[in-house]
Amino acid sequence: MFDQEKQALADKIEKFCQERGLPAKSLEWRDIPFRGEWGMAAPLFPLAAADPNRQVPVPQHAQFLAESLRTYLGDLPGFSRIEAVRGYLNLYFSPPEYAQKVVQLVLANGEGYGTRQGTGKATMVEYSNPNTHKPLHVGHLRNVILGGSIANILEASGKKVIRVNYIGDIGLHVIKWLCNYEKYHQGETPSEDKTRWMGDLFAEADRRFAYEDSFEAEVRAYFARWDARDPHILELWKQTRDWSMEGFAQVYDLLGERFDRIYFESEVEEPGKAVVEQLIKSGLAHDGRPEEPVIINLDELLGTKEEYRVVIILRSDGTSLYATKETPLAILKFTEYDLDQSIYVIDVRQSLHMKQIRKVLELMGYPWAEHIYHLAYEIVNLPGNVTMSSREGTVVLLDDLIREATNRALEIVRDKNPELSPQEMQAIAEAVALGSIKYPMLARENTKMVTFDWENALDFNGQSAPYIQYAHVRANSILRKAGMEQFEVPQFSYALQPSEINLIELLARLPDEIQRAAKELKPSLVANFAYDLAKVFNDFYNQCPVLNAEPAIREARLALVAAARICLAKVLTLLGIRAPEVM
RNA sequence: GCCCUUGUAGCUCAAUGGACAGAGCAGCAGCCUUCUAAGCUGUUGGUUGCAGGUUCGAAUCCUGUCAAGGGCGCCA
């Protein structure tokens, strides 16, 4: 933002160091942690520690250097004052200039503020990955939300992004479902809620499989028939798979997710078996059939001990496994696209598995194997550390949660905005409900477990999406009443309130926050920033009258509100949360 | 047994190796003739699991230890 000034400053500091025989270390600048006045700060401890002429303890010497430097620098253009405190050199920006630059920059870029155009090779993000014939619960939600947000953030940071969904449309779970359906529910068709109906039947099939030996045997036989491409089974499979896919489409539509490419497990099953043959031929895999499965003993091949373990790539009966299909999928991805990085958003329990797949691809000689990255996230549990399991009946279904949250939000909207049409009310309630469900899953670190509880999920107060959405609504409300679309170059030539300064500071930080979140693949950084931004905006809202301020101040503050609205909408969008105009 | 993750206020979580460790919820006391109170103000609450080490400086990095969760040959 102040590049020229910063460069001039760096030159002066370098000269200062040279004159005193100090190592020419560049100072590390950071924000000053005190709010209400802004600028940049540098600790002088490293320089003090490296000073050969130092005779007092480092902190004391750092303070001495800071003071010397302050005197040496004198008055600098663009900065209002310089101070030396506890070993830090603090430079304060000149408020009117800084404020104007920031607000103008935001307004000039609009929705594009803080984002860059996509250049270079693409980054692929694989996420959601639902299994057909199974219910969708809150646990699946974290994956979708996280993956979608990461894709958004990467895109905003200047990457080309390819969103990919890998659908588990085949495997033991599907065979179980089909076998159970044919035996006990022949000819039945799904009820209104297809996903739920499919899920209920899955739970039933899963129970039979676990507790009835005869059923298990039937399922195995059924799998063999699938393998032999029994036309009857293929037909049934296609039909039932479509039911699931229709249900998924509804959910993605509601959540606002879209994909550039959908891969099906079924499309890589045959290629996977070919890869297995190839691995056996090359000697990497050991074929123990018919008694034993086909395995790759990675530890033996690599000389490691209990690190990569053994990976099973084909069952002893020749049917495929998850690992059978993972290698051809990776090959397909890198064949279809020119990728810089291939990110897999998959829960942490599959860490070893992903590590094995990567290593197998590496051993097969694919140079891009190192560009595979497993983004591991922790699962969503229920209170008391109960894992969601459809078999145990310990799940919170997505449908139920969204419906309940929307109803609660609708009550509040009706109460607050009785003049709106039912359609408008519904749209707002949905935006609020989905936001409040999504936000807690994004605001934690990926590696931290999320415990779901109803009370929390339906709380629209405090650190939550509605809080941020509400700040956006307030900004929007002011602008609507002002009736302004265009803004003159704002003049902040009055005494700025601390809350105004804090707000402007956060607006200025937005681009860096996006970059950092993209680099670290952490939507939590954006989620927490969004809350900070909303909080600071609410402070401003309470302390600084806009519409009733005297003309010069009113104009500047309106521009600031417009800039804040843009940024609030921006961060919400990155999180996959809608920013309503009214609520 | 081997490996991974987590441990911060009563609860849920923040904190690019840097200044007094911050929010929300819960509790208590207040604020709607003033741009929407899904908001705001004040207040209570801490030996950052424990012990060492590295560093001018550690919640953050390293080692050990304790606790919780997860993974480890035919589920995905």
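Two residues are taken to be in contact when heavy atoms of theirs lie within 4.5 Å. In the predicted model described here, contacts of chain A between residues at least 6 apart in sequence were examined on this basis, and 75% of them join residues at least 24 apart. The chain comprises 583 residues, of which 53% are buried. Its secondary structure consists of 20 helices and 15 strands. Taken along the principal axes, the box filled by the C-alpha atoms has dimensions of roughly 85 × 70 × 40 Å.

Aromatic contacts were considered next. A pair of aromatic rings is described by the distance of the centres and the angle of the planes. In total, 19 aromatic pairs were counted in the model. One of them joins Tyr127 and Phe259 in a tilted arrangement, with 5.0 Å from centre to centre and 50° between the planes. Tyr127 belongs to the loop between strand S5 (119–126) and helix H5 (138–156), whereas Phe259 belongs to the loop between helix H9 (231–255) and strand S7 (261–264); the pair therefore ties together parts that are 132 residues apart in sequence. Tyr127 and Phe259 are both buried.

A second pair, formed by Tyr181 and Trp197, is edge-to-face, with the centres 6.5 Å apart and an angle of 80° between the planes. Here the partners come from two helices: Tyr181 is located in helix H6 (residues 172–184) and Trp197 in helix H7 (residues 194–211). The pair links distant parts of the chain, its members being 16 residues apart. Burial was found for both Tyr181 and Trp197.

Arg474 is placed over the face of Tyr541, at 4.0 Å from the ring centre. Arg225 likewise lies over a ring face, that of Tyr222, and its distance from the ring centre is 5.2 Å.

Rolling a probe the size of a water molecule over the atoms shows where empty space is left. Two cavities of 30 Å³ or more were identified. The largest cavity holds about 80 Å³ of space. Its lining is made up of Ser128, Pro130, Leu136, His140, Leu141, Val144, Phe248, Val251, Tyr252 and Leu398. Helices H5 and H9 each contribute at least two residues to this lining. Classified by residue type, the lining of the largest cavity contains eight nonpolar and two polar residues, with no charged residues.

The second largest cavity has a volume of about 40 Å³. Val276, Leu279, Val311, Ile313, Ala323, Thr324, Thr327, Ile357 and Val360 form its lining. At least two of the lining residues are supplied by each of four elements, namely helix H10 (265–281), strand S10 (310–314), helix H12 (322–336) and helix H13 (351–363). Among the contributors to the lining of this second cavity, H12 gives the most, with three residues.

Conventions
Residues are numbered from 1 along each chain as its sequence is written. Chains are lettered from A and ligands numbered from 1 in the order in which they are written. This is a predicted model: local features need pLDDT of at least 70, side-chain atom pairs count only at pLDDT 80 or more; totals for chains, interfaces and linings use all residues. Side-chain values use heavy atoms; hydrogens and water are left out. Rings of Phe, Tyr and Trp (its six-membered ring) pair if their centres lie within 6.5 Å; planes under 30 degrees apart count as stacked, over 60 as edge-to-face and the rest as tilted. Buried means under 20% relative accessible area, exposed over 50%, partly exposed in between (1.4 Å probe, protein chains only). A charge sits over a ring if NZ of Lys or CZ of Arg is within 6 Å of the ring centre and within 35 degrees of the ring normal. On a 1 Å grid over the protein atoms alone, a cavity is a set of points where a 1.4 Å probe fits but cannot get out, and a pocket is an open set with protein on both sides within 12 Å along at least five of seven lines; lining residues have an atom within 4 Å of a point. Grid points are joined across faces, edges and corners, and a volume is the space filled by probe spheres set on the points. Ala, Val, Leu, Ile, Met, Phe, Trp, Tyr, Cys and Pro count as nonpolar, Asp, Glu, Lys and Arg as charged, and the others, Gly among them, as polar.
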